Amino acid sequence: MLNFNKKHNILFLLSGSIAAFKACALISELAQDGHQIQVACTKNTFNFIGEATLEGLSQKPVISSTFTSGHMMEHIHLARWASMVIFCPATANSINKLAAGIADDIVGNLILAKESHIPLYIVPAMNKEMYLNPITQKSLEHLTHLGHNVLKTQAGHQACGEVGLGRMLEPSEIKKLVFEDQNTETDFDYLDDETIKYDKPAPPNHKTRKKVLITAGGTKESIDQVRFITNFSSGNTAKILAEKLERNDYDVVYLHATDAKKPKNAHLDQFTGFNELYEKIEHYLSTYKFDYIIHAAAVSDYSPTEIKVDNITTSLPLTKKINSGSELTIKLKQNIKIVNKSKELSRNKDITVVAFKLTNSDNSSDIKNALQKIASSKINTIDYIVHNNLPEITDNKLPHVIYRVGDENLDLIAQGQTKADMADNLINCLSHGSELASTSKILIKDLNTNTNTNTNTNITANKNKFEIKKTFQINT
Ligand SMILES: Cc1cc2nc3c(=O)[nH]c(=O)nc-3n(C[C@H](O)[C@H](O)[C@H](O)COP(=O)(O)O)c2cc1C
């Protein structure tokens with residue numbers, strides 16, 4: 001149910017489109033619903049509708065210039081007064097200017113001066129070629145990524161006589177979309193959690209975008225005040241993945257080691273050791289409804305529990321520095337596999353879980369056995385395994401194979417050579433995983449089967465766009 005009880009101060013912006021007459025119907029409805037409306041528009045708007053109509057409907061003088069004597073600061077004052085901004089109709093010209101941050105009219109000034117938490121709804125209206133023009137599409141994409149709500153257009157007859165996308169939504173549909181967004185309970189409330197560092201405002205339509213939790217970098221297991229056990233993980237793969245996911249309209253929470261590489265736009269949170277990583281994963285998965293978790297962090301299999309220094313045993317971690325020169329014995333305890341707990345911890349039991357498996361072998365039978373072993377212990381707990389083999393990894397190359405974990409088989413569904421390929425492949429798996437054809441299989445359960453392996457360059461055409469040149473095929 002829509003809640004029309006909450007009354008807003010709506011800054012209603014218009015630009016020079018033939019759809020301006022439809023915006024008048026929307027202004028009229030919003031005013032009748034009891035909202036305060038202040039209209040501001042580009043000068044070109046008056047080529048399509050009259051100032052008297054807009055003033056009559058909103059019952060306030062219309063602002064169409066940045067420089068009006070006695071109202072010089074309106075471009076700031078109105079931006080502060082508003083509790084929401086609706087830009088309808090938004091022309092191609094104004095959208096492209098907006099994306100470039102141009103403020104040469106009152107509309108551009110007001111939008112630039114708007115505080116980031118005040119929602120802006122951009123309602124495009126234009127000819128289909130203007131809409132589909134790559135410049136306009138890029139601008140709309142950019143505005144979306146900046147956190148604005150860009151409403152879709154509808155296909156249909158246009159004023160110019162052509163038929164296609166770009167036609168403005170009907171006033172009732174716009175109203176529904178705007179107020180649904182204002183009133184729907186979010187299950188991913190970015191603003192109530194202090195542990196998330198907000199590098200950008202909550203993204204638009206964040207209730208409908210798929211939500212991904214990615215872990216990145218290496219854990220640090222403290223021994224004393226200054227020493228710890230860690231690994232070489234840089235977080236670089238996770239960073240590239242997070243950035244591509246963001247560009248593909250996923251909402252990303254990036255849980256990273258303190259010194260891991262960070263993406264530009266994700267919501268960031270950090271961890272140090274295994275315990276903190278576990279607690280934060282548990283917090284996110286149980287509090288929010290994530291669609292995917294990608295375990296890209298290198299998590300220590302062991303944590304130090306005790307230290308024996310000159311025959312005196314103490315529990316770890318120590319809060320002071322151990323003196324150099326002493327002989328040390330450190331006892332390590334095995335950690336649980338967080339990846340296996342993801343579904344159990346998750347509020348969304350249908351969450352898709354992606355695990356990484358790094359092997360270190362030149363022998364394909366050993367690799368196959370390692371994959372079978374991990375898969376047999378993880379049926380029903382993980383959905384995809386991204387496999388890398390250490391001897392094949394170089395500074396520039398990350399050869400990888402992605403398997404879908406089935407009930408009986410590991411299905412090879414994608415592979416590639418670089419980190420960027422890996423990110424593309426994985427995103428494709430997340431979006432279309434169940435539809436992707438498998439190019440070869442590994443039987444999970446039969447660990448004792450004799451195997452022979454070969455390299456096969458003849459791969460069936462795959463509906464995704466990956467360039468599959470060579471498949472490492474394992475016959476069982
Ligand atoms: C009859 C007519 C209809 C137009 N309709 C649109 C439209 O729906 N969308 C659009 O982007 N531009 C449309 N234009 C072109 C814009 O009015 C023009 O690009 C103008 O510079 C926009 O200025 P503004 O963005 O400052 O308001 C139309 C032009 C004419 C003459």
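What follows is a conversation about how some terms apply to this predicted model.

Reader: What should I know about the model and its numbering?

Author: This is a predicted model, in which local features need pLDDT of at least 70 and side-chain atom pairs count only at pLDDT 80 or more, while totals for chains, interfaces and linings use all residues. Residues are numbered from 1 along each chain as its sequence is written.

Reader: Happy with that. What makes α10 and α11 roughly parallel?

Author: The axes of helix α10 (residues 274–287) and helix α11 (residues 338–345) cross at roughly 25° and come within 9 Å. Axes are lines fitted to C-alpha atoms, for helices over the stretch in contact, and angles run from 0 to 180 degrees between N-to-C directions. Angles under 35 degrees count as roughly parallel, over 145 as roughly antiparallel, 65 to 115 as roughly perpendicular and the rest as oblique. The pair α10 and α11 is therefore roughly parallel. Helices here are DSSP runs of H or I with at least four residues, strands are runs of E with at least two, and both are numbered from the N terminus.

Reader: Which residues meet between α10 and α11?

Author: From α10 come Leu277, Tyr278, Ile281, Glu282, Leu285 and Ser286, and from α11 Ile338, Ser342 and Leu345. Contact asks for C-beta atoms, placed from the backbone, within 7 Å. The residues of this contact divide into six nonpolar, two polar and one charged.

Reader: Now the ligand, please. Which residues come nearest to the ligand?

Author: Ser15, Gly16, Ser17, Asn44 and Thr91 do, out of 15 residues around the ligand. A residue is near if its C-beta atom, placed from the backbone, lies within 6 Å of the molecule or strand in question. Helix α4 (residues 92–99) gives the largest share of this shell, three residues. By class, the shell has six nonpolar, nine polar and no charged residues.

Reader: How do you know that β4 and β5 pair?

Author: Two strands pair if DSSP finds at least two bridges between them. Strand β4 (residues 120–124) and β5 have two bridges, in the parallel sense, so they meet that definition. Ile122 stands opposite Val150 in β5. Their open sheet has five strands in the order β2-β1-β3-β4-β5, with parallel pairing.

Reader: What makes β2 and β5 edge strands?

Author: Each of them, β2 (36–41) and β5 (149–150), pairs on one side only.

Reader: How many bridges join β14 to β16?

Author: Seven bridges join strand β14 (residues 302–309) to strand β16 (residues 328–334), and the two run antiparallel. Glu306 stands opposite Lys331 in β16. β14 also pairs with strand β15 (residues 312–315), in the antiparallel sense over four bridges. There, Lys308 has Thr313 as its bridge partner. The hairpin of β14 and β15 has two residues between the strands, and Asp310 takes a positive phi near 50°.

Reader: What is the order of the nine strands in the open sheet with mixed pairing?

Author: The order is β12-β11-β8-β13-β17-β18-β19-β20-β21. Its edge strands are β12 (267–271) and β21 (440–443). Neighbouring strands of this sheet are turned by 25° against each other on average, direction ignored. Strand β13 (residues 292–295) runs parallel to strand β17 (residues 352–359), with four bridges joining them.

Terms used: Ala, Val, Leu, Ile, Met, Phe, Trp, Tyr, Cys and Pro count as nonpolar, Asp, Glu, Lys and Arg as charged, and the others, Gly among them, as polar. Two residues are in contact if their C-beta atoms, placed from the backbone, lie within 7 Å.
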